[in-house]
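Subject: Structure handover

Hello,

Here is the structure I promised you. Please open it and keep it on screen while you read.

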Amino acid sequence: MKENELTVLKVEPGKAPEEVTIPNTLDAMQQMVGGYIEVVYLEDACLVCNEDGKLIGLDGNRRVGNDIIAGTFFLVGDQGDGDFCSLTQEQLDRLTHQFAQLETFHPGEVENSIRFDFYSL
């Protein structure tokens with residue numbers, strides 16, 4: 001693997017997770033999720049999805065906590081300083097198992113999971 005590439009776990013709706021290598025560029029990440037990216041920090045990895053996935057009607061993919069992720073997403077390592085890194089083999093194995101279960105959602109279930117959080121100082 002080249003230094004400017006990342007080994008990630010791609011998760012598409014209705015499909016098993018797949019280990020892929022992508023260029024470590026914003027353009028490549030946006031292409032994979034089909035739009036602007038949103039990063040969700042998990043325990044020891046980052047989930048990168050389309051930030052407008054629910055709003056533009058992408059299919060529900062997997063549940064993460066109390067949320068439903070819409071559209072294709074990928075999981076990538078986090079160096080702790082805001083930079084991504086490749087997943088380790090241990091992370092790939094664990095996350096593949098964690099997201100192996102295919103999920104189906106009832107009509108409207110994804111839309112109903114849209115929420116907005118407002119914060120004030």
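Below are notes on one helix, the salt bridges and the cysteines.

One caution before we start: this is a predicted model.

Start with helix α1, residues 26-33. Its buried residues are A28, M29, M32 and V33. They span an arc of only 125 degrees around the axis, so they sit on the same side of α1. Why does that work? An α-helix has 3.6 residues a turn, so residues three or four places apart point the same way. On the other side of α1, L26, D27 and Q31 are exposed.

What do the buried residues of α1 pack against? Their partners are the strands β1, β2, β3, β4, β7 and β8. After the helix comes G34, with a positive phi near 80 degrees.

Next, the salt bridges. The count is five. One of them joins D44 and R94, at 2.4 Å from N to O. D44 is in the loop between β3 and β4, and R94 is in helix α2, so this pair ties together parts 50 residues apart in sequence. D44 is partly exposed, at 35% relative accessible area. R94 is also partly exposed, at 34%.

K54 and D67 form another, with their closest N and O atoms 2.4 Å apart. K54 lies in the loop between β4 and β5, and D67 in strand β6, 13 residues apart. Are these two buried or exposed? Both are buried.

Last, the cysteines. C85 is partly exposed, at 21%, while C49 is buried, at 5%.

Best wishes

Definitions and conventions
Residues are numbered from 1 along each chain as its sequence is written. This is a predicted model: local features need pLDDT of at least 70, side-chain atom pairs count only at pLDDT 80 or more; totals for chains, interfaces and linings use all residues. Side-chain values use heavy atoms; hydrogens and water are left out. Buried means under 20% relative accessible area, exposed over 50%, partly exposed in between (1.4 Å probe, protein chains only). Helices (H or I, at least four residues) and strands (E, at least two) are DSSP runs, numbered from the N terminus. The arc is that of the directions from the helix axis to the C-beta atoms. Contact means heavy atoms within 4.5 Å. A salt bridge is a side-chain nitrogen of Lys or Arg within 4 Å of a carboxyl oxygen of Asp or Glu.
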